Amino acid sequence: MAGRLAGKVVIITGAANGQGRAAAELFAAEGARLVLSDLDRPRLEEAAERARTVGAEVTVHLGDLTREDVNRELVNAAVKRYGRLDVMYNNAGRGRFAPIHEAALEDWHFTLENELTIVFLGCKYALGVMLKSGSGSIINTASVSGLYGVVGHGVHAATKAGVIGLTRQIAVEYGPKGIRANALAPSRVDFGEGTRSQVHATGLDEYPLGRYATPLDCVRAALFLASDESSFITGQTLIVDGGRSAR
Ligand SMILES: NC(=O)c1ccc[n+]([C@@H]2O[C@H](COP(=O)([O-])OP(=O)(O)OC[C@H]3O[C@@H](n4cnc5c(N)ncnc54)[C@H](O)[C@@H]3O)[C@@H](O)[C@H]2O)c1
């Protein structure tokens, strides 16, 4: 298939819902060969079917990505089906948004596991394969709350700052091996009615562009980082916040 990702083998984590689901559709249309992973089986199967309708090759992988063996299996699934891995899009995540003085230690551990450990493990196993081919692009979804304070984001801010630090470190250590790593930092994403996102609302007047991000806004930025169009960009955090951080 032709397109901006023609022939590239891409893993998208958290592909059952939200941004990951939008990425599956967009990347499929751009010619990627996909491995879609999540723990939400019915929604994941649906996302895979949608990606197949545009002619993409799609493998589905189910599991809890906070587990090391599940990440190993995921990367092995890509190599088994396609023989390589070009792009690792570590998008999956779920956090708890209690104010810090009210957050239980269990909330801290849960958020750390599901937002930072999950990215570390995805990177670890992707790097193992990318080192063999001497190329690859890693995209780690952070958040603007990893860059500036957002009222109510609590421990989530610490984990997303960790994602950004980890991404920079990978860029520096693995750039000489041909591997790029960049972070994506969306502000609040608006999924429309009936969605699962529980992100704390921020006044629209804080956004120069006058609206929240859509999933497509975020995954178009991810598409750029996945493609060779960003071939000299690594270690960066691409902010998708409608200009909020420019104020
Ligand atoms: N929604 C927002 O406003 C917003 C803003 C900034 C950053 N983000 C980040 O964007 C990323 C995507 O989130 P989203 O907004 O699309 O939310 P979402 O809840 O719609 O999708 C997240 C997906 O990740 C999956 N997932 C979560 N934990 C998992 C685990 N342990 N193993 C396997 N799959 C798991 C979920 O099942 C879900 O399908 C996350 O990293 C999130 O922190 C979201």
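Two helices, α3 (68-82) and α4, each supply at least two residues of the lining of the second largest pocket. This is a predicted model. Of the elements that line the second largest pocket, α4 gives the most, with 6 residues. The lining consists of 13 residues, and V75, V79, G128, V129 and K132 lie nearest the centre of the pocket. Sorted by class, the lining has 5 nonpolar, 4 polar and 4 charged residues. The space in the second largest pocket comes to about 150 Å³.

The most comes from α4, which gives 3 residues to the shell around the ligand.

How many residues surround the ligand? There are 30 of them, and the closest are N17, Q19, D38, N91 and V189. By class, this shell has 10 nonpolar, 13 polar and 7 charged residues.

Two of the closest residues, Q19 and V189, also come up when individual atoms are considered. A polar backbone atom of Q19 is 2.8 Å from an oxygen atom of the ligand. For V189, a backbone N or O atom lies 2.7 Å from an oxygen atom of the ligand. With L65, the ligand atom is a nitrogen, and it is 2.9 Å from a polar backbone atom of that residue. On its own, the ligand has 830 Å² of accessible area, and the protein covers 94% of this.

Terms used. Residues are numbered from 1 along each chain as its sequence is written. This is a predicted model: local features need pLDDT of at least 70, side-chain atom pairs count only at pLDDT 80 or more; totals for chains, interfaces and linings use all residues. Side-chain values use heavy atoms; hydrogens and water are left out. A residue is near a molecule or strand if one of its heavy atoms lies within 4 Å of it. A polar contact is a pair of N or O atoms within 3.5 Å; within protein, one must be able to donate a hydrogen and the other to accept it, and residues adjacent in sequence count only if both atoms are side-chain atoms. Accessible areas come from the Shrake-Rupley method with a 1.4 Å probe; for residues, only the protein chains shown count as cover. Helices (H or I, at least four residues) and strands (E, at least two) are DSSP runs, numbered from the N terminus. Ala, Val, Leu, Ile, Met, Phe, Trp, Tyr, Cys and Pro count as nonpolar, Asp, Glu, Lys and Arg as charged, and the others, Gly among them, as polar. On a 1 Å grid over the protein atoms alone, a cavity is a set of points where a 1.4 Å probe fits but cannot get out, and a pocket is an open set with protein on both sides within 12 Å along at least five of seven lines; lining residues have an atom within 4 Å of a point. Grid points are joined across faces, edges and corners, and a volume is the space filled by probe spheres set on the points.
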